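This report goes through the architecture of a two-chain model, element by element. The sequence and structure come first, and the description follows.

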Amino acid sequence: MNRKGYVFWLAGWLSATLLYVCWLRGLVPQVFHGNAPAWFTAIVNWTYPRFGVEKHRFELAFFVRHADQIVIRFGLVNAVALALVFSSNRYASVRHYWAGFWNLRISFARLHLYRIFFYTGILFFSGGWYLQLASLHRAGAFYKPVPLLRLLHLPFPPPWVSGILCAGLAASCLLAVWGFRQILFSIIVSIIVAVLFTLLQGWLFSFEKMDHAFAPITYALWLMPLVMRQYEKNEPLWALQLLRLVVGLVYLQAGLEKLLVGGWEWLSPDTFRNYLYLHPTALGSWVAAQNWLCVVLPLGALLFQLGFVSVVFVPRLRWVFLPAGVLFHAGTYALMHVGGYVNAWVWLYVFFI
Amino acid sequence: MSRTAKTFITLTLVLILLPFVLQTDLYPLFRFGMFAEPIKRAVQTETFALRTIDRTGNRRIVSPEEVHPGNLAYLMRNYYYRNQADTLLARLQRICQNPVPPQTPIREWQLLRVTSEVARYRPDTVVVARLEVQTRETAKPNE
């Protein structure tokens, strides 16, 4: 990127920030009181569907902070991206590092271990979906499709359609586990798995609650066809490196959310204690009574989430972060009954081995 | 690395980070904001529950799984705040004509709102909506 490019980038970033400060921020109180321009209300309703409910639960200042956060996060992402682009353009050593980073090659055995383990996991985690979808069908009055399904004008499927699609997903997973060597077939099967998984999961989430249990797996599903294609063509596996980076970024985002939304107050023992009280378990109640644990456990969780991405760049750190991740997810379930001992997030750790 | 590969990587990272910047789920893209907000307001501790009263006056808290296989907690909260609690009860009653165990016929469905002061955990329960079940005896002649 030349000097003009940087100037253009910085000018765009600055203009967007000024536009918010001088104009859009003033529209937040208007939308809260229901007298904002229709186009702005439409944007808020589209990007923040919970606003209709949350405006009755929280005060105006909460939503102004929420809007400010968008600009802060936009700035943060821009600053990191700009630093990466600038350093790559300016320093040959950085360019060399990135070239090596994306030029990943692994053994035939390891890739097939990844593929078999990953698609077996998909088969396992989606195993109960047919029964869930069939019983949700009788609750069709509450169906409120996620935007993707609304865009596709897809109604909630009757049990026989769910049955066919779930059977299709299971069959595709089995074929992916089996692993035909023909390039086209492998790619088509993995694309079918990604499409069906996303579609069926979308229907499960169309009852006003999005679950994040399978979020990183969904991302991995969309990258796997490319990984398989690259392997079959004997190309560097940059898509596999991207998949690892995406998983690392997912944890990083979860950690940054806590710092950006809660600030340092998030580390106060009372914050953790309140979460434990709201998700009561026997172990959680005992931990809530131990002040030092209410400091150490959230601090450990935050350091783990912020640090996990380092595994992508320093692979030997996996021997620290992968066991820590298993403990983190098992601990979350033991303390708050969130997630489960067999966890889809942990399943993805195979890609780091 | 080809330009196509660079574009694909950039686009993927932009899409992954979009929900983080906008602080919202854009399925199939996810925001990971669970447990990020410290609990400072009573409203953050609120929960909702369903209760039935049968013909003999017995009251019973209905387990969410009995009536709705999805996440009923969110539906109860959302319908309450959208002033649609009556609609919620009517729909739930239609879905579940005979909650488990179907012993005595149900006379009334109630939506309960449970709140407590932050860090005090002494819950306060209020009935925020009720639905009387229409039967042959209670229904008006034109119904």
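Two strands are said to pair if DSSP finds at least two bridges between them. The model is predicted. In chain B, strand β1(B) and strand β3 (residues 106-115) run antiparallel and are joined by eight bridges.

**Helix packing**

Two packed helices are described by the angle between their axes and the distance between the axes.

| Helix pair | Angle | Axis distance |
|---|---|---|
| α1(A) (residues 3-33) and α4(A) (residues 60-90) | roughly 170° | within 9 Å |
| α4(A) and α1(B) | about 145° | 8 Å |

How do α1(A) and α4(A) run relative to each other, roughly parallel or roughly antiparallel? Their axes cross at roughly 170°, and angles over 145 degrees count as roughly antiparallel, so α1(A) is roughly antiparallel to α4(A). On the α1(A) side, the contact includes A:Trp9, A:Trp13, A:Tyr20 and A:Phe32, while residues of α4(A) that take part include A:Phe63, A:Val64, A:Val71 and A:Leu82. By class, this contact has twelve nonpolar, three polar and one charged residues.

α4(A) also packs with α1(B), with the axes 8 Å apart. A:Ile70, A:Arg73, A:Phe74 and A:Val77 of α4(A) meet B:Leu17, B:Phe20, B:Val21 and B:Leu22 of α1(B). The contact of α4(A) with α1(B) divides into seven nonpolar, no polar and one charged residues.

**The interface between the chains**

Taken over both chains, 40 residues of chain B are in contact with 54 residues of chain A. On the chain B side, the elements that give two or more residues are α1 (3-22), α3 (72-81) and α4 (85-95) of chain B. α1(B) provides the largest share of that side, with eight residues. By class, the side of chain B that touches chain A has 26 nonpolar, nine polar and five charged residues.

In soluble globular proteins, nonpolar side chains tend to be buried together. The largest nonpolar core here has 80 residues, and those with the most contacts inside it are A:Val193, A:Leu200, A:Ala220, A:Leu223, A:Val227 and A:Leu243. Helix α12 (residues 238-262) of chain A supplies the largest share of this core, 14 residues. Leaving aside neighbours within four places in sequence, A:Leu223 is in contact with A:Ala239, A:Leu242 and A:Leu243. Another core, of seven residues, lies apart from the largest one, and among its members are A:Phe272, A:Ala288, A:Cys294 and B:Phe35.

Notes: Residues are numbered from 1 along each chain as its sequence is written. Chains are lettered from A and ligands numbered from 1 in the order in which they are written. This is a predicted model: local features need pLDDT of at least 70, side-chain atom pairs count only at pLDDT 80 or more; totals for chains, interfaces and linings use all residues. Axes are lines fitted to C-alpha atoms, for helices over the stretch in contact, and angles run from 0 to 180 degrees between N-to-C directions. Helices (H or I, at least four residues) and strands (E, at least two) are DSSP runs, numbered from the N terminus. Angles under 35 degrees count as roughly parallel, over 145 as roughly antiparallel, 65 to 115 as roughly perpendicular and the rest as oblique. Two residues are in contact if their C-beta atoms, placed from the backbone, lie within 7 Å. Ala, Val, Leu, Ile, Met, Phe, Trp, Tyr, Cys and Pro count as nonpolar, Asp, Glu, Lys and Arg as charged, and the others, Gly among them, as polar. A nonpolar core is a set of buried Ala, Val, Leu, Ile, Met, Phe, Trp, Tyr and Cys residues joined through C-beta atoms within 7 Å. A residue is buried if 20 or more other C-beta atoms lie within 10 Å of its own, exposed if 12 or fewer, and partly exposed in between; C-beta atoms are placed from the backbone.
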